[in-house]
Amino acid sequence: MPRQTNHRPKRLPVITLISDFGLADPYLAEMKLAILRQCANVRLVDVTHGVDPHDLQAASIALERAVAAAWAGVVHLAVVDPGVGSPRRILVAAVAGQSIVCPDNGLLTWTWRRHGRGKVSAIARLPRVISATFHGRDVMAPIAADLAAGRKPRISLRAINDPVLLDLELARMTAAGLVSGQVIHVDHFGNATTNISAEMIVGNVSVRAGRHSLGQVRRTYSDAAIGHPIAIIGSSGLLEIAVREGSAARKLGLRVGSVVSADRWRRS
Amino acid sequence: MPRQTNHRPKRLPVITLISDFGLADPYLAEMKLAILRQCANVRLVDVTHGVDPHDLQAASIALERAVAAAWAGVVHLAVVDPGVGSPRRILVAAVAGQSIVCPDNGLLTWTWRRHGRGKVSAIARLPRVISATFHGRDVMAPIAADLAAGRKPRISLRAINDPVLLDLELARMTAAGLVSGQVIHVDHFGNATTNISAEMIVGNVSVRAGRHSLGQVRRTYSDAAIGHPIAIIGSSGLLEIAVREGSAARKLGLRVGSVVSADRWRRS
Amino acid sequence: MPRQTNHRPKRLPVITLISDFGLADPYLAEMKLAILRQCANVRLVDVTHGVDPHDLQAASIALERAVAAAWAGVVHLAVVDPGVGSPRRILVAAVAGQSIVCPDNGLLTWTWRRHGRGKVSAIARLPRVISATFHGRDVMAPIAADLAAGRKPRISLRAINDPVLLDLELARMTAAGLVSGQVIHVDHFGNATTNISAEMIVGNVSVRAGRHSLGQVRRTYSDAAIGHPIAIIGSSGLLEIAVREGSAARKLGLRVGSVVSADRWRRS
């Protein structure tokens, strides 16, 4: 067993990183070095750099997951930025004591929906000597580093109240008690997360995904036989369609946008 | 050259991470944030998150590599957990002064085989308010953080002596001096690592992989001509089949399970 | 907003890492643990581990990007090493106050071209007890750790002046004012970076990539309509061919080696 150390080390700055950069090019390292240059002791946590290029909805969902897993003081730097160099704004948003730095293109949407709207500022003007193609490295990373270090950003900000929000489909509940939603994310295992939250599932429901009946919502993957589909509440508190030790996406033909429903009365 | 600093900084907590999560989803970040929340100054080292979903043998081999490369006090968190939510146990194992936190499904196998059996405990009961689908984040990460920080885990543990072990094939030596084994891992370069350890190779042997004769065990990749196959002792101390600046897996048709032999007497 | 902390934490050691190891095998973790063992508080920044196996040109370009993004005292460890175990030398190079540790196979080329030639040393002899197949872990990582910690490496070095350099094609300018170069890198987005630097583009030029006319050099991606090709100066200061929110590589059939030209007089 390891040796005894201090019981609780003091808080260190933490920045999480979300982008569509992939991991094969040096862009992510350039952004991390820009952060470390300003905030040497920051802890950097990669959330994902594998969202499809310019896929704002997927990045918005990943950002929300980082916010849910973090705590007051953590900074999130989300750089999916097809509009770089255009007049699109650059934002600093405060949610639950955490900070988000991102371009103003809808990345905040999913976080606002699940954690409430926070205060948002936009940078007043771009610094003079920067590239026109990599504001993640040249503008947003230094702001995130300042915030993580507990410093006022060297760039001036002004409050705004109209950040761009994505027009995401919401799950709906009909008067007859049918909850209807969509798959919003398919993960590495082929599990399909929906926009139906645990709170919308009341009592015994019967779940359908595409043309498939899945019966009741169960507790965990191992409540199904191996290779069989199952509906559960996933680790993000959302209804999830899975196949035990298999891919629900492949087996049931699910993808982002596929319709999923939970019906209180129907017997499947 | 960089400036002078302290000759040897004091030990910091280190946790290595092994999973089948891939890198595109936020799961790994959620687990890392759960660790950093409890142990802010821990050094996190990703070993692999690219084993095939639920491939316990591959994860077991990667875990052993991490143990071999680490030192007393380092903690390894291995989360390949198809049985999450089922009654499978969660283990804390001590090997060579290091700690391993993992589900009880065989992940310890390869480490025990190469580093000897250590003491193993299982958590006495799951904490109350956790997800049923992500014990890596909700149970194992906090235990790993406590161990890395040198604290007694807040969850109670009881010693066990019957961890699940995988039924892995072993290399065998016949009375006639023939060593017969299998490919256990094919790496990114197409090199095929076997379960035949350097100690089993005595004197001049002639190596066969599948239907291919590779002649004697050589010292390093560059002892073959470019594009030619070669048998060497790889960096993990195991017999490895390679093709210089090429892929042995592709060129020789090798994959996990392919038979490899080393014969002291045969002339190829 | 986060709490106030020290304005500028003291410098911590930083090592960037470049390799062709991929991320699925434990090799990168073994190298990182070898570093952390010697230099516990080092900040490790992955530049890329996704260059094609043994692709020295791509690794050389990635290394230059890391040097450009870093500062005095930062150490770069570049391990693309098809000649491991052969008599090829192992180098420590000093460029712009930074250090590079790499095998002597041309990895320095692009850095020298863009940042000037620096002093280079080679290790005098290999340490005795090491693997013949993983000098990145067993030789280069400990040297990088020593340099990052500001210590004299425990291994002796002697100055050399003949490091191996790659025979890379250079962009050329004709008397008639035509600049002709090649694509040197295609990134994750399908953007094609060329070896034509911003300084070679004088006045209004007309750009061609393969058989395609791209007109003048514009400022940023959003100066093109979505799906349309554009020539810009990328974030590395080199002429880049892009397609707004699309892949120039796919749309224009570009790859490493494709000819790109910028003509001061031609009207397209």
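**Figure 1. Salt bridge between chain A and chain C in the predicted model.** R65(C) and E30(A) form a salt bridge, with their closest N and O atoms 3.7 Å apart. The interface of chain A and chain C has one salt bridge by the rule applied. Across this interface there are also 15 residue pairs in polar contact, both residues being at pLDDT 80 or more. Elements of chain A that each supply at least two residues to the side touching chain C are α1 (27-38), β2 (43-48), β4 (90-95) and α4 (135-148). Of the elements on this side, α1(A) gives the most, with eight residues. Sorted by class, the side of chain A that touches chain C holds 24 nonpolar, 13 polar and 10 charged residues.

**Figure 2. Extent of the contact between chain A and chain C.** The contact joins 47 residues of chain A to 40 residues of chain C. About 3600 Å² is buried between chain A and chain C, and carbon and sulfur atoms account for 56% of that area. On the chain A side, the residues that lose the most area to chain C are L33(A), R37(A) and T133(A). Together these three residues make up 17% of what the chain A side buries.

**Figure 3. Salt bridge between chain B and chain C.** Here the side chain of R65(B) meets that of E30(C) in a salt bridge, at 3.7 Å from N to O. For the interface of chain B and chain C, the rule finds one salt bridge. Polar contact is found for 15 residue pairs across this interface, with both residues at pLDDT 80 or more. On the side of chain B that touches chain C, the elements giving two or more residues are β1 (14-19), β2 (43-48), α2 (56-69), β9 (178-186) and β14 (229-233) of chain B. The element that gives the most to this side is β2(B), with five residues. The residues of this side comprise 18 nonpolar, 12 polar and 10 charged.

**Figure 4. Extent of the contact between chain B and chain C, and the relation of the two copies.** Chain B brings 40 residues to the contact and chain C brings 47 residues. The buried area between chain B and chain C is about 3600 Å², with 56% from carbon and sulfur atoms.

**Figure 5. Strand β9(B) and the hairpin it forms with β8(B).** Strand β8 (residues 172-173) of chain B pairs with β9(B) in the antiparallel sense, over two bridges. M173(B) has V179(B) in β9(B) as its bridge partner. Four residues lie between the strands of this hairpin, where G177(B) takes a positive phi near 90°.

**Figure 6. Pairing of β9(B) with β16(B) and β10(B).** β9(B) and strand β16 (residues 259-263) of chain B run antiparallel and are joined by five bridges. The bridge partner of L178(B) in β16(B) is D263(B). Three bridges pair β9(B) with strand β10 (residues 192-197) of chain B, again in the antiparallel sense. H185(B) has T193(B) in β10(B) as its bridge partner. β9(B) and β10(B) make a hairpin with five residues between them, and G190(B) in the turn has a positive phi of about 90°.

How values were computed:
Residues are numbered from 1 along each chain as its sequence is written. Chains are lettered from A and ligands numbered from 1 in the order in which they are written. This is a predicted model: local features need pLDDT of at least 70, side-chain atom pairs count only at pLDDT 80 or more; totals for chains, interfaces and linings use all residues. Side-chain values use heavy atoms; hydrogens and water are left out. Contact means heavy atoms within 4.5 Å. Buried area is the accessible area (1.4 Å probe) that two parts lose on being put together, summed over both. A salt bridge is a side-chain nitrogen of Lys or Arg within 4 Å of a carboxyl oxygen of Asp or Glu. A polar contact is a pair of N or O atoms within 3.5 Å; within protein, one must be able to donate a hydrogen and the other to accept it, and residues adjacent in sequence count only if both atoms are side-chain atoms. Ala, Val, Leu, Ile, Met, Phe, Trp, Tyr, Cys and Pro count as nonpolar, Asp, Glu, Lys and Arg as charged, and the others, Gly among them, as polar. Copies are superposed by least squares on the C-alpha atoms of residues with pLDDT of at least 70 in both. Two strands pair if DSSP finds at least two bridges between them.
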